[in-house]
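Q: I would like to learn how to read pockets, cores and contacts from a set of coordinates. Where do we begin?

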Amino acid sequence: EIYTLSLHDALPICSGRPGVRFSILDSGTGIPAGKIHSIFEPFFTTKQEKGTGLGLWVSNGIVHKHGGFMRVRSSQRAGRHGTCFSFFLPLRDTAKD
């Protein structure tokens with residue numbers, strides 16, 4: 001598997017707030033379409049007894065508490081498989097501090 005981390009200045013269309021977006025990509029087998037909508041739910045895991053199913057749920061909660069959001073894209077197509085998680089965190093307004 002290949003892992004990639006990228007970091008970008010961002011101005012998301014949905015909010016218009018300046019911030020930073022970082023993405024983590026892998027070249028694994030991808031997440032099945034029937035499971036992708038459940039991955040941010042508490043206790044959802046595909047790791048049977050090894051996972052608690054709390055990692056993405058907790059991460060998503062932390063990002064939301066800071067005014068950001070997480071997105072996921074995944075593909076299981078031959079030759080184009082893998083998953084990409086993108087996180088957006090808005091810049092803090094230091095004028096208010």
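A: We begin with residue classes: Ala, Val, Leu, Ile, Met, Phe, Trp, Tyr, Cys and Pro count as nonpolar, Asp, Glu, Lys and Arg as charged, and the others, Gly among them, as polar. The model here is predicted. In its largest pocket, the lining residues comprise eight nonpolar, 10 polar and four charged.

Q: Which residues make up the largest nonpolar core?

A: A nonpolar core joins buried residues through side-chain atoms within 4.5 Å. The largest one has eight members: Ile31, Ile36, Ile39, Phe40, Val63, Met70, Phe85 and Phe87. Leaving out residues up to four places away in sequence, isoleucine 31 touches Ile36, Ile39, Val72, Ser74, Gln76, Thr83 and Phe85.

Q: Is serine 23 buried or exposed?

A: Buried means under 20% relative accessible area. Serine 23, in strand 2, counts as buried because its relative accessibility is 3%. Its side chain makes polar contacts with the side chains of arginine 21 at 3.4 Å and serine 86 at 3.0 Å.

Q: Where does proline 32 lie?

A: Proline 32 is in the loop between strand 2 (19–26) and helix 1 (55–65). Its relative accessibility is 33%, so proline 32 counts as partly exposed.

Notes:
Residues are numbered from 1 along each chain as its sequence is written. This is a predicted model: local features need pLDDT of at least 70, side-chain atom pairs count only at pLDDT 80 or more; totals for chains, interfaces and linings use all residues. Side-chain values use heavy atoms; hydrogens and water are left out. Helices (H or I, at least four residues) and strands (E, at least two) are DSSP runs, numbered from the N terminus. Buried means under 20% relative accessible area, exposed over 50%, partly exposed in between (1.4 Å probe, protein chains only). Contact means heavy atoms within 4.5 Å. A polar contact is a pair of N or O atoms within 3.5 Å; within protein, one must be able to donate a hydrogen and the other to accept it, and residues adjacent in sequence count only if both atoms are side-chain atoms.
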